[in-house]
Amino acid sequence: MLAPPTISHTARTFGLGFALTCAAIAGAQQAFAWGRIAHTPIAQVAERQLTPDAAKEVRRLLSLEEASSLGDVASWADRDWRENRPGPDHDVPIPLDAEGYDAARDCQGRCAVGAIELYLGVLADRTKPDQERLDALKYVVHLVGDIHQPLHASQAGGWETVSWKGVTSNLHLLWDVRILQGTYTAPEQVVETITKRLRPMPDCGTPAQWANEGHQIVKTFVYPALGPPPAIRIQTIAIPDDYVAKALPIIEERLTLAAMRLSCVLNKALDPQK
Ligand SMILES: [Zn+2]
């Protein structure tokens, strides 16, 4: 059960003013999530892995608002905060020094882990109104992507100012979009990379497991690879190319896992044979 809508975790933790400043600098919908360069390919690849029955139901729901593919709606949920529409958080604030996700501690509001579980239940329930199930589908598509961005599974967030290739942003944005934008020129190239990495999967896993993987990546690479932290970080961190060279395959693997798991949970929710 999710609590009533509250201000997002990001805004709560870092102050709404700071969050809005970030958004203004970074451009809408790039501030708190994978950008379209990640969300659209994840959704497109996942849709190709759906069973015929699941794909048929997805297309029927999408047709209610004249969308034709999951890629069309993959970034819809990022309009929540921009349009002041209540919605779930797109992250889960696991403390950096914690072993892993703890629902009682990390999901008191509407965290991404709880939201994915909730919306998958709505999507699978054919007694619910179509519009409610369509919204649930759009949240699942988006949040399964977001939870695979390691910094979306960490209370740390990555709000330190960084500079890479002459562009100043923050560590969160570097992982959200900057590394992908510095590597790929179009979402189609990301689709190709993900598709090459696809392999059979024993099971879907759970949103909590997916978040724990991201938390471990933050603990073992995202911060440690920057070197020992100073007592107070006030200067811009210059990101070496070596850091990006190691981060890129991690990001590509997270996108691949997101696509594989998205198709897996959608098949389970929408195909009675699964
Ligand atoms: Zn998001």
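Q: What share of the contacts in the chain with a separation of 6 or more comes from residues 24 or more positions apart?
A: The share is 76%. Keep in mind that this is a predicted model.

Q: How are two packed helices described?
A: Take helix H4 (residues 52-63) and helix H13 (residues 241-270) here. Their axes come within 9 Å and cross at roughly 85 degrees. Angles of 65 to 115 degrees count as roughly perpendicular, so H4 and H13 are roughly perpendicular to each other.

Q: Which residues meet where H4 contacts H13?
A: H4 brings Asp-53, Ala-54, Glu-57 and Val-58. H13 brings Leu-266, Asn-267 and Leu-270. By type, the residues of this contact are four nonpolar, one polar and two charged.

Q: How much of the chain is buried?
A: Buried residues are 46% of the 274 residues.

Q: Is His-142 buried or exposed?
A: Count the C-beta atoms around the residue. A residue with 20 or more others within 10 Å is buried. His-142 has 31, so His-142 is buried. This residue sits in helix H9 (residues 130-147).

Q: Which residues does His-142 contact, leaving aside neighbours within four places in sequence?
A: The partners are His-39, Ala-74, Ser-75, Trp-76 and Ala-77.

Q: What separates the C-alpha atoms of His-142 and Ala-258?
A: The separation is 10.0 Å, although the two residues are 116 residues apart along the chain.

Key:
Residues are numbered from 1 along each chain as its sequence is written. This is a predicted model: local features need pLDDT of at least 70, side-chain atom pairs count only at pLDDT 80 or more; totals for chains, interfaces and linings use all residues. Axes are lines fitted to C-alpha atoms, for helices over the stretch in contact, and angles run from 0 to 180 degrees between N-to-C directions. Helices (H or I, at least four residues) and strands (E, at least two) are DSSP runs, numbered from the N terminus. Angles under 35 degrees count as roughly parallel, over 145 as roughly antiparallel, 65 to 115 as roughly perpendicular and the rest as oblique. Two residues are in contact if their C-beta atoms, placed from the backbone, lie within 7 Å. Ala, Val, Leu, Ile, Met, Phe, Trp, Tyr, Cys and Pro count as nonpolar, Asp, Glu, Lys and Arg as charged, and the others, Gly among them, as polar. A residue is buried if 20 or more other C-beta atoms lie within 10 Å of its own, exposed if 12 or fewer, and partly exposed in between; C-beta atoms are placed from the backbone.
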